[in-house]
Amino acid sequence: MEAAEAIAKVDEWLREGADGDEPTVGVDRDNVHRIPEGWSVPYNTLKYLETGEFTASLFPMPYVLVREPQGDLRHANPQPGGISIPIQWRSREYWGEFVDPEFRDAGIGDIGVPERAVAGYYRVVPGQGRTGEERANPGYLPGPVRRGMPRPISEVEWLLACRLNGWIDHETMVVGVSARRVFVPLLEDGSLDLSHVRDRDGVRELDVYTSSERLRAGTRHWRHVDVRKLLEDEPATTFYVYGCPPYLQKITAAELTGVLERFPYTAPIVDEVAAAPEVSDGLTRLAAEAAERLGVDEPVGKPIGPAEKARQRGFTLTERECQLTVLGWTWERLHKRAGGVRWPDNLAANGLMPWYDDDGKVVPVTDRFGKYFFYGYPGFRYGWQRVAGAYAGFALGEALGSTVDGLTRAEIEQRFGAQGLTELVPEPDQPARLGPLTQRLLFLTEGVIRSPHRENPEAHAQFAPAAARGLLRWLRTQGEPAPVEDDGWLIKVSGLHAKRDPDPAELDAIRRLAVEEPGTGTGPAALLAAMPGVLTAGGPDTALPGGVTAATRTLAGLTHQQGFDLDAAGYLALVFEKAFTKDPVASPLWACGREAVAGAGEELTALVDETLPALNRPGLRELRDPESLGAGRDTRTVLGQVIAAVAGFENYPEDALLRAVNHSGRSALTGALAGALIGAYHGIPGLPQHWLSKLELRYLVQNLATDAFWHFERTSPVFDRPEWARRYPRR
């Protein structure tokens with residue numbers, strides 16, 4: 001299409017708008033130009049176009065987009081990066097678009113609305129407005145965030161995500177990238193970090209990044225620069241644009257040059273140099289001030305090590321977190337050199353968090369913000385952040401669901417309104433209590449840690465008795481007799497002796513362990529065995545015979561009969577085994593949940609097929625409402641409600657948790673398991689922080705999860721830390 005044809009189309013629309021009168025506006029022919037979406041055709045008042053009188057001008061100057069090659073007209077969005085919409089004719093009906101909100105809000109509308117990002121259309125008739133008639137777009141693909149890919153954090157990363165998602169082609173992605181900025185790693189002296197440069201078959205290759213948060217571990221200085229400026233400095237270069245895995249695209253200099261010739265980008269060039277917050281000179285001053293105020297003779301250093309550990313796990317420390325780390329280190333140094341000094345009343349404000357010693361007493365340590373493991377070892381199979389996130393998410397989900405546990409959906413809506421429960425606790429100042437399911441999970445996990453099979457694989461027969469004693473220690477905390485010692489650190493934490501009204505039938509099943517009766521219980525509490533069962537396979541040669549499925553079935557079998565309960569627990573263990581991966585990105589539930597069911601029984605396979613959406617196929621997909629699966633308290637209903645709540649909502653943690661509890665049934669348990677899946681996917685930083693901050697004993701939960709992860713790692717403290725035997729006695 002040539003410019004004249006585009007102008008003629010817009011002229012036709014403007015004349016129709018005059019409704020038979022002489023038009024008062026016309027096309028500004030001198031400023032018509034081609035843009036990625038087609039032709040940009042501005043229009044203004046005829047008086048302004050003829051005289052140039054500024055007061056007669058429309059402001060801001062409107063313009064119409066004429067798409068290529070379709071030739072349809074669209075209203076341009078006045079906001080940079082906003083999407084265009086189909087134009088409205090006075091005498092013609094048209095079809096409006098339901099654009100996927102991920103694309104709508106991504107800030108990359110300048111590349112045009114891709115057809116595959118349009119979920120459907122609605123009919124508009126002149127004089128009537130929307131008719132109510134709608135039609136779906138069979139070629140629509142759900143957005144990358146809905147499909148569980150990492151949530152993009154910059155416009156460049158959104159472009160990479162749209163390409164990977166199949167919304168746009170490679171050329172369109174290059175067009176979008178050419179008009180934006182990337183991050184280039186530098187050395188401390190400001191020179192290019194050559195570890196990101198290669199020569200491959202005579203072609204220079206350079207790694208660039210979508211955001212400072214995506215830079216490789218070890219990078220503390222960078223250049224934030226317009227792509228067109230970078231192309232001037234690095235001609236004949238192939239650029240590898242890295243976002244969060246799996247966002248990676250290769251773009252050649254020739255591709256960028258060709259795009260910039262077609263669509264010149266004339267905005268002022270940005271070329272800035274910046275450094276990571278952990279190397280800020282302000283931290284040196286803060287450390288000196290803190291040392292002087294607390295009477296420490298030597299200031300602490302910059303938190304470079306913690307920042308590296310966090311980045312290795314996909315997180316970055318913020319400026320405030322770096323400052324708090326310096327404060328926490330200073331307090332720790334004070335106590336190390338002058339024991340007996342009182343800790344500050346407000347631990348969080350001083351960079352500290354409560355941790356628990358071998359006697360179950362709180363000993364503050366520097367806060368890690370849920371972003372890195374204390375000892376920094378990379379996981380052998382699992383990622384620490386995922387294990388800790390799963391346990392924290394379990395506790396949070398149970399606390400959320402306990403408010404409405406056992407209520408019907410109608411009762412929930414009657415009490416909280418049409419949206420149901422929307423807050424963690426009804427009263428703003430009320431803490432969220434640790435529930436009985438979390439208490440039991442902690443003691444079951446402690447029992448697994450205390451099994452001697454970790455250091456002696458021949459002792460795997462002791463696994464079940466050790467786990468059973470863990471549950472009996474929990475029984476002791478509830479004021480009931482049980483034939484176990486009050487040893488180890490966990491049972492000494494007074495907060496765990498609170499009675500939280502556990503399910504009577506489940507409590508009775510644990511009482512039977514005291515007389516060594518086989519499990520006779522039934523119901524969804526068997527699913528609690530999945531996470532501790534999975535952890536047994538965290539390191540080399542740590543798994544029990546039969547792997548995580550056998551370990552989980554053994555744990556569930558302590559209190560439950562054989563049958564679907566144990567099958568479901570084994571299936572959930574396989575899901576968590578995938579969710580706990582040490583890889584930077586975990587598979588979303590809708591994908592790994594289907595993989596884990598391979599070879600399962602007919603009933604379990606049918607449940608998974610019923611509840612998991614196929615988000616990798618074109619067309620609209622139904623996301624099941626957990627309420628539609630029934631109001632039962634059985635394992636099938638609970639597991640189905642958990643799957644339905646989370647699948648497709650992996651990147652919407654708060655929504656997933658609320659979906660998991662706002663239904664008829666066992667909201668505390670479904671909330672807990674959904675929280676565990678979300679926590680495993682995102683880690684502690686990805687859970688709703690405004691809720692997590694209200695959860696009592698949340699650091700105790702994190703402490704126990706950390707111990708469990710470490711115990712089954714290749715560097716387990718059981719081999720070189722004698723005090724571990726006091727913390728987790730082998731009885």
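Helix α11 covers residues 384-402, and its 19 residues should span 27 Å at 1.5 Å a residue. The model is predicted, and every value below is computed from it. Of the 19 residues of α11, 18 are buried, so that the helix is mostly covered.

**Packing of α11 against α25**

- Helix α25 comprises residues 698-711, and its axis comes within 9 Å of the axis of α11.
- The two axes cross at roughly 145°, and the crossing is right-handed.
- On the α11 side, the contact is made by Trp384, Val387, Ala388, Tyr391, Ala392 and Ala395.
- These residues meet Val701, Gln702, Leu704, Ala705, Thr706 and Phe709 of α25.
- By residue class, the contact of α11 with α25 holds 10 nonpolar and two polar residues, and no charged ones.

**Cysteines**

- The structure holds zero disulfides.
- For Cys162, the closest cysteine sulfur is that of Cys244, at 15 Å, which is too far for a bond because a disulfide requires sulfur atoms within 2.5 Å.
- Cys162 has 0% relative accessibility and therefore counts as buried.
- For Cys322, the closest cysteine sulfur also belongs to Cys244, here at 20 Å, and this separation is likewise too far for a bond.
- Cys322 is buried as well, with a relative accessibility of 0%.

**Cis peptide bonds**

- Glu68 and Pro69 are joined by a cis peptide bond with omega of about 0°.
- Pro69 is situated in the loop between β4 (63-67) and β5 (73-75).
- A cis peptide bond also runs from Pro245 to Pro246, with omega near 15°.
- The loop between β14 (237-242) and β15 (248-252) contains Pro246.

**Residues with positive phi**

- Phe369, a residue other than glycine, has a positive phi near 60°.
- The position of Phe369 is in the loop between β18 (365-366) and α11.
- With a relative accessible area of 16%, Phe369 counts as buried because the cut-off is under 20%.
- Asp541 is not a glycine either, and its phi is positive at about 60°.
- Asp541 belongs to the loop between α16 (530-535) and α17 (547-556).
- The relative accessible area of Asp541 is 72%, and the residue therefore counts as exposed, for which the cut-off is over 50%.

Technical notes
Residues are numbered from 1 along each chain as its sequence is written. This is a predicted model: local features need pLDDT of at least 70, side-chain atom pairs count only at pLDDT 80 or more; totals for chains, interfaces and linings use all residues. Side-chain values use heavy atoms; hydrogens and water are left out. Buried means under 20% relative accessible area, exposed over 50%, partly exposed in between (1.4 Å probe, protein chains only). Helices (H or I, at least four residues) and strands (E, at least two) are DSSP runs, numbered from the N terminus. The expected span of a helix is 1.5 Å times one less than its number of residues. Axes are lines fitted to C-alpha atoms, for helices over the stretch in contact, and angles run from 0 to 180 degrees between N-to-C directions. A crossing is left-handed if the near helix is turned anticlockwise from the far one by less than a right angle, and right-handed if clockwise. Contact means heavy atoms within 4.5 Å. Ala, Val, Leu, Ile, Met, Phe, Trp, Tyr, Cys and Pro count as nonpolar, Asp, Glu, Lys and Arg as charged, and the others, Gly among them, as polar.
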